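Please look over the sequence and the structure before reading on.

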Amino acid sequence: MIQVDARPDGFSFEPSSTALVVIDMQRDFIEPGGFGAALGNDVTPLKAIVPAVRRLLALARQQSLLVIHTRESHLPDLSDCPPAKQAHGLPGMRIGDQGPMGRILVHGEPGNQILEEVAPLAGEWVIDKPGKGMFYATGLHERLVARGISHLLFAGVTTEVCVQTSMREANDRGYRCLLVEEATESYFPEFKRSTLDMIIAQGGIVGRTARLSALEAALH
Ligand code: TIU
């Protein structure tokens with residue numbers, strides 16, 4: 001059993017029943033001209049977590065954890081994108097519109113690809129999700145149950161939107177969750193801080209958080 005120094009208290013897991021989930025490290029959110037930028041955000045802070053995500057991926061691969069990558073992604077005909085969601089963003093730069101990296105948030109387009117530096121390896125799972133949360137309309141829960149996964153380590157962007165939504169969905173489905181603090185980022189520093197605080201409030205109401213160094217020390 002691996003024991004990690006975490007907040008608000010310790011997090012223990014067996015590597016064989018644990019997956020690392022890297023949420024939406026795709027160009028659409030991290031590079032200029034994608035959906036994140038279309039929403040009016042400065043995307044540059046998100047790029048800064050790439051080295052931490054790489055360290056986390058290396059650790060998970062070393063320990064033979066199941067590695068899962070998600071992408072927020074819609075079908076080319078947008079049949080999986082509710083009109084209310086499609087209406088978000090600046091006109092002409094909404095989901096499905098032609099952006100500098102192809103159609104925004106559409107499966108298969110250049111902007112929808114995961115950054116090369118944190119790209120999936122053969123055998124790792126890639127989940128295309130039409131929602132903010134990773135369980136909505138993906139069949140992921142059934143696959144994780146079949147694989148015997150009970151614990152999830154989280155990284156990726158953005159902390160308060162897709163990462164937190166996915167953690168809350170996971171918590172409701174009975175998974176024990178840990179968010180790695182340096183491996184997640186928001187367009188709004190205060191939202192990241194608040195999200196970490198609200199996850200661990202009330203005795204860890206949604207899960208736990210830990211420094212990457214604590215995880216590295218535990219797995220050494
Ligand atoms: N806008 C924002 O912060 N995030 C998203 O729209 N998607 C994800 O978090 N991946």
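The model is predicted: local features need pLDDT of at least 70, side-chain atom pairs count only at pLDDT 80 or more, and totals for chains, interfaces and linings use all residues. Residues are numbered from 1 along each chain as its sequence is written.

The scores are as follows.

| Score | Value |
|---|---|
| ipTM | 0.98 |
| pTM | 0.98 |

For the protein chain, the mean pLDDT (the predictor's confidence in each residue, from 0 to 100) is 96, and 100% of residues reach 70 or more.

According to an unreviewed UniProt entry, residues 18–210 carry the annotation "domain: Isochorismatase-like"; such annotations may be inferred rather than shown by experiment. This span is 35% helix and 22% strand, and its end C-alpha atoms lie 16 Å apart. Helices (H or I, at least four residues) and strands (E, at least two) are DSSP runs, numbered from the N terminus.

Residues around the ligand include Asp-24, Glu-72, Lys-132 and Tyr-187, where a residue is near if its C-beta atom, placed from the backbone, lies within 6 Å. The shell has six nonpolar, one polar and three charged residues; Asp, Glu, Lys and Arg count as charged, Ala, Val, Leu, Ile, Met, Phe, Trp, Tyr, Cys and Pro as nonpolar, and the others, Gly among them, as polar.

Asn-41 sits in the loop between α2 (35–38) and α3 (44–47). The C-alpha atoms of Asn-41 and Ser-194 are separated by 18 Å, with the two residues 153 apart along the chain.
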